[in-house]
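Please look over the following chain together with its sequence, and keep both in view while reading.

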Amino acid sequence: MDWFTSENLVAVVTALIGVLVSIGVAWYQWWVLRQRRIGYRVQLDTAIGGGANGAAASTGAAVRRGYFDASPGLEDATLVLLRIENDGALTVTADHYTDGDDHGLTVEFEGRHVKAVVVTAPDHPRLLSHFPGTWTGPAEGATSIPLPKVPLNRGAYYKLLVLLGGGPIGSAVRVDGSIAEGRVHPTRSLTPDDKLPVFSRAALTVTVVLTACVVALAAIIVREEAPPPIGCARGTLTVTGSTAFAPVAKELAKRYEEECEGATVIVDAHGSTTGVRELDAAGRKAAAAKKGPPAVVALSDGRKPNGHPELRETPVAVSLFTLVVHDGIPVADLSRDQIRRVYRGDITNWSALGGPDLPIRLVSRNAGSGTREVFQRRVLGENEPAHSSLDCEHRDDPRAKVTRCELDSTEQVLDTVAGLPGAVGYGELRASGTVKGLHRVAIDGRGADADEPGASPYPYREIEYAYTWGEPPAGSLTAGFLTYLTRGGGQDVVRVHGHLPCATPKGLRACGDG
């Protein structure tokens with residue numbers, strides 16, 4: 001299961017936490033708060049007897065001095081203000097009280113006894129009608145106060161001011177009773193001295209949980225600095241063909257493997273024509289075995305040779321090539337006519353071209369090279385002569401007019417020209433700029449322009465093509481890599497190496513004209 005990764009697991013769990021928190025808040029709002037509820041809280045509990053003087057001195061409370069002390073039985077008196085309210089979402093009627101026939105609630109004072117009680121309902125005066133005119137509360141000395149079944153609308157309340165004796169302040173005060181489909185519970189409110197919090201506890205908890213969920217999801221989203229390339233797929237792919245385009249192919253393969261987990265791309269370049277033949281052979285072998293198309297992409301400098309009808313062609317980029325000479329030859333420009341005479345053997349010494357008295361040594365590619373085929377077609381207008389040297393320096397065939405050798409790759413050609421006095425060769429434009437000991441030569445006064453490869457009349461250029469055995473299956477590694485190369489992030493790599501991607505506006509025109 002490809003989706004079962006640690007990142008996906010964290011994302012799912014985080015999303016579930018967020019959903020459960022939201023459900024919990026909704027449940028609390030619509031179920032818990034919508035019960036019938038009677039809440040109570042002590043708003044005042046203070047000593048008024050002899051002990052109150054010491055308490056007043058330490059707390060700063062304003063207490064009358066002497067009056068209660070002079071009254072018999074008030075030496076240990078305390079005053080309690082108790083608020084009883086409907087803090088639920090539903091109305092509580094007399095029928096909802098289920099404790100006893102004559103009362104609904106009972107107030108208990110632990111360790112203290114009742115001396116007197118007063119009921120007040122300043123905001124809801126009608127509530128007092130439920131306390132009979134003869135109601136005076138309990139008999140003096142009782143430790144509890146039975147309360148009638150007072151109907152309370154949502155938010156309605158009344159208060160009891162109770163004079164107590166026999167115990168210290170702070171002893172427990174409870175309200176007992178039963179409510180149908182509801183409950184009686186203690187509540188708490190801020191006193192004037194309390195500091196109002198910025199968030200309630202519930203709001204703070206929900207905020208922290210949801211923030212943690214958002215941070216976790218954001219961390220997963222930004223984990224990758226760049227999105228995966230278009231067409232990621234798993235498997236092993238071989239890229240063969242052009243050695244001139246091999247530096248691009250190697251960097252593309254490295255990046256694709258980094259961004260597409262499970263993909264392996266092997267670059268094995270031996271020349272354009274050789275690569276096309278290898279692909280064709282692999283395709284025929286797979287077809288004979290009734291297998292799918294081979295995972296091979298062949299890159300070619302220019303179109304493939306005649307034949308190979310099963311191969312599918314995809315234009316990739318406009319590539320520039322250049323003539324290069326050893327740095328000991330101070331020649332910066334040659335006409336196409338001069339180049340043809342050099343390769344025919346009509347000119348064999350650099351002195352005839354304004355250079356030093358050195359023999360001209362031709363360093364060329366082998367017959368399977370696309371770079372050589374482009375050079376012959378676009379610059380020479382004819383084939384190169386046969387090779388006459390194995391070491392590129394000494395002529396092995398005395399009948400040959402010129403010293404000429406053939407090498408297997410662009411890198412070999414450039415390195416040999418840089419190290420061999422009098423040598424001239426050719427290669428891919430950007431690759432030639434990385435080798436010391438040689439310099440580029442303009443053709444007919446025009447140098448290769450890497451910034452405008454499609455618009456320049458410079459002759460030594462060609463379209464780079466990618467070939468596959470038929471149409472690659474959708475979702476295959478071959479299709480994914482080809483998409484990455486021609487339309488995905490691979491275009492940036494192609495452009496950095498001095499080629500013009502065919503998918504760009506300028507490239508569309510240049511590749512169409514090619």
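R495 and D492 both sit in helix α11 (residues 490-496), where they are 3 residues apart, about one turn of the helix; helices (H or I, at least four residues) and strands (E, at least two) are DSSP runs, numbered from the N terminus. The side chains of R495 and D492 meet in a salt bridge at 3.2 Å, N to O, a term that stands for a side-chain nitrogen of Lys or Arg within 4 Å of a carboxyl oxygen of Asp or Glu. R495 is partly exposed, with a relative accessible area of 41%, and D492 is partly exposed as well, at 45%; here buried means under 20% relative accessible area, exposed means over 50%, and partly exposed is in between (1.4 Å probe, protein chains only).

Salt bridges that share partners also join R372, E384, R404 and E406 into one network. R404 is buried, with a relative accessible area of 0%, whereas E406 counts as partly exposed at 27%.

This is a predicted model, in which local features need pLDDT of at least 70 and side-chain atom pairs count only at pLDDT 80 or more, while totals for chains, interfaces and linings use all residues. Residues are numbered from 1 along each chain as its sequence is written, and side-chain values use heavy atoms, with hydrogens and water left out.

By the salt-bridge rule, the count comes to 21 salt bridges. Another of these pairs is R344 and E382, whose side chains meet at 3.0 Å, N to O. R344 lies in helix α6 (residues 336-344) and E382 in the loop between α7 (370-380) and β15 (403-407), so the pair ties together parts that are 38 residues apart in sequence. R344 counts as partly exposed at 41% relative accessibility, and E382 is partly exposed with a relative accessible area of 29%.

The next topic is the nonpolar interior. A nonpolar core is a set of buried Ala, Val, Leu, Ile, Met, Phe, Trp, Tyr and Cys residues joined through side-chain atoms within 4.5 Å. The largest such core has 29 residues, and those with the most contacts inside it are Y158 and L160. The elements that give two or more residues to this core are β1 (36-47), β2 (78-86), β3 (105-109), β4 (113-120), β5 (144-147), β6 (157-165) and β7 (173-176), and the largest share, 4 residues, comes from β6. If residues up to four places away in sequence are not counted, Y158 touches a list of residues that includes L82, I84, L105, V119, F131 and L147, where contact means heavy atoms within 4.5 Å. Apart from this core lies another, of 28 residues, among them F321, L353, V441 and Y460.

How many disulfides does a search of the whole structure find? The search finds 3, each being a pair of cysteine sulfur atoms within 2.5 Å. A disulfide is a covalent bond between the sulfur atoms of two cysteines. The table gives the distance between the sulfur atoms and the torsion about the S-S bond for each pair.

| Disulfide | Sulfur atoms apart | About the S-S bond | Handedness |
|---|---|---|---|
| C232 and C260 | 1.9 Å | -75° | left-handed |
| C392 and C405 | 1.8 Å | 95° | right-handed |
| C502 and C511 | 1.9 Å | about -75° | left-handed |

C232 counts as partly exposed at 38% relative accessibility, whereas C260 is buried, with a relative accessible area of 1%.

C392 lies in the loop between α7 and β15 and C405 in strand β15, so this pair ties together parts that are 13 residues apart in sequence. C392 is buried, and so is C405; both C502 and C511 are buried too. When the bonded cysteines of the protein are numbered in sequence order, the pairing is 1-2, 3-4, 5-6.

Finally, on the surface, V12, L16, V19, L20 and I23 form a nonpolar patch, with about 470 Å² of accessible area together. Patches are made of residues with over 30% relative accessible area and no salt bridge, with like charges joined within 9 Å and nonpolar side chains (Val, Leu, Ile, Met, Phe, Trp, Tyr) within 5 Å, and accessible areas come from the Shrake-Rupley method with a 1.4 Å probe, where for residues only the protein chains shown count as cover. One member, V19, has its place in helix α1 (residues 6-32), and V19 counts as partly exposed at 46% relative accessibility.
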